[in-house]
Amino acid sequence: MQSKNLPKTIAVHAGTVPDKNTGAIMTPIFMTSTYVQEAPGVHKGYDYSRADNPTREAHEKALAEIEVGASKALAFSSGLAAEQAIIQLLNPGDRVIVCDDVYGGTGRLFRRLFAKYNIDFQFVDMNDHELVRQTATKNTKLIWMESPTNPTMKVIDIKAMATIAKSVGALLVVDNTFASPYFQSPLLLGADIVLHSSTKYIGGHSDMIGGCVMMSRDDLFEQLKFIQFAAGSVPSPFESFLFLRSIKTLAIRMEQHAINALAVAEYLEKHSAVRKVYYPGLPSHPGHELAKRQMKGFSGMVSFDLAGNYDHVLKFLKKLKVFALAESLGGVESLINHPEKMTHASVPEELRRKLGIGPTLLRLSVGIEDPRDLIADLEQALTIS
Ligand code: P1T
């Protein structure tokens with residue numbers, strides 16, 4: 001007999017216990033900013049909702065339960081707010097090594113906002129372990145990575161980065177947004193902090209902005225909890241309720257995202273109008289073997305280069321009917337994004353060129369529709385009329 005439930009069961013039950021007063025099976029939405037006290041400082045454990053709120057507490061408990069290896073989690077008002085909180089652990093003069101291919105907004109936060117507080121961000125290709133080793137010094141306080149990366153789907157070795165981080169006394173932060181807690185557990189591979197843009201797979205319905213951090217170390221939790229309280233980027237109780245609702249279907253959604261993404265990637269790889277496909281589930285992907293080791297599934301994100309030029313891209317985008325042209329990812333509906341002009345427009349041009357984020361690169365967030373409809377949509381749009 002297993003003593004701990006399996007991921008699909010954990011997702012359904014995460015964070016929710018019947019309401020103490022009514023037996024309600026769903027966590028109530030405590031839309032309150034404050035709490036009545038019996039005497040100054042004498043209360044039922046809640047004094048102000050920026051500090052604590054019962055619905056957010058359930059949301060955070062659920063997040064800690066779905067991220068394997070975590071004991072605690074904190075919810076924020078966006079993925080970038082969660083990132084800000086982590087950077088606020090640092091002091092002027094500290095250094096951060098960042099994987100070169102990160103979400104455009106993450107790079108912008110580091111380059112445009114935090115660099116002016118004299119925090120030094122060094123963007124490197126983390127598939128070059130020797131380069132990361134050489135870059136790491138005693139001033140390196142964080143190693144910050146995504147895997148798979150946004151948008152070129154590089155797979156980065158989490159264990160190897162954890163070893164380098166440990167060797168200089170730095171923390172390893174893994175942005176686990178693309179994999180989701182269902183397919184990758186960085187804390188079990190040596191990461192100190194995991195973060196997600198919950199806007200994406202955790203929310204799953206393209207209707208909310210949110211972020212979260214998960215960890216097992218109590219000292220990191222205490223520091224980040226203080227930052228959350230002192231800086232105040234928290235989700236509302238209503239959003240926390242909706243995130244709790246979303247988490248129940250995370251496992252089943254992720255299974256379908258991965259099935260559909262593989263079908264789409266295999267289809268695109270064979271098409272003569274497609275130059276290159278980036279999906280870690282394809283044996284042709286340079287990170288496939290590593291992805292098989294460190295992920296339980298390859299998730300739902302597929303990037304590809306269209307043969308031809310930007311005019312072909314525009315015609316292709318116009319013809320799509322099921323895939324909607326929009327930023328973001330991880331919702332039940334399929335989206336297509338043009339990283340160069342949309343999500344990664346803020347990446348310095350030279351770096352964009354080096355990473356291959358050019359006019360013909362497209363990124364799909366493959367939804368949970370019937371994969372035959374998704375392939376038919378791509379097929380009709382790829383057919384040059
Ligand atoms: O949008 P927000 O919830 O603040 O999350 C930021 C963020 C952090 N990390 C990763 C890997 C992300 O992809 C994002 C947001 N990304 C998009 C909006 C996008 O279309 O790529």
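Two strands are taken as paired if DSSP finds at least two bridges between them, strands (E, at least two residues) and helices (H or I, at least four) being DSSP runs numbered from the N terminus. The model is predicted: local features need pLDDT of at least 70, side-chain atom pairs count only at pLDDT 80 or more, and totals for chains, interfaces and linings use all residues. Residues are numbered from 1 along each chain as its sequence is written, and side-chain values use heavy atoms, with hydrogens and water left out.

Phe304 stands opposite Leu362 in strand 12. Strand 9 (residues 301–306) pairs with strand 12 (residues 361–365) in the antiparallel sense over 5 bridges. These belong to an open sheet of 5 strands with mixed pairing, in the order 8-9-12-11-10. Strand 8 (274–278) and strand 10 (324–325) are at the edges with a single partner strand each, so one side of each lacks a neighbour in the sheet.

Lys321 lies in the loop between helix 12 and strand 10. Its relative accessibility is 68%, so Lys321 counts as exposed (over 50%; buried is under 20%, partly exposed in between; 1.4 Å probe, protein chains only). Apart from neighbours within four places in sequence, Lys321 is in contact (heavy atoms within 4.5 Å) with Asp377 and Gln380.
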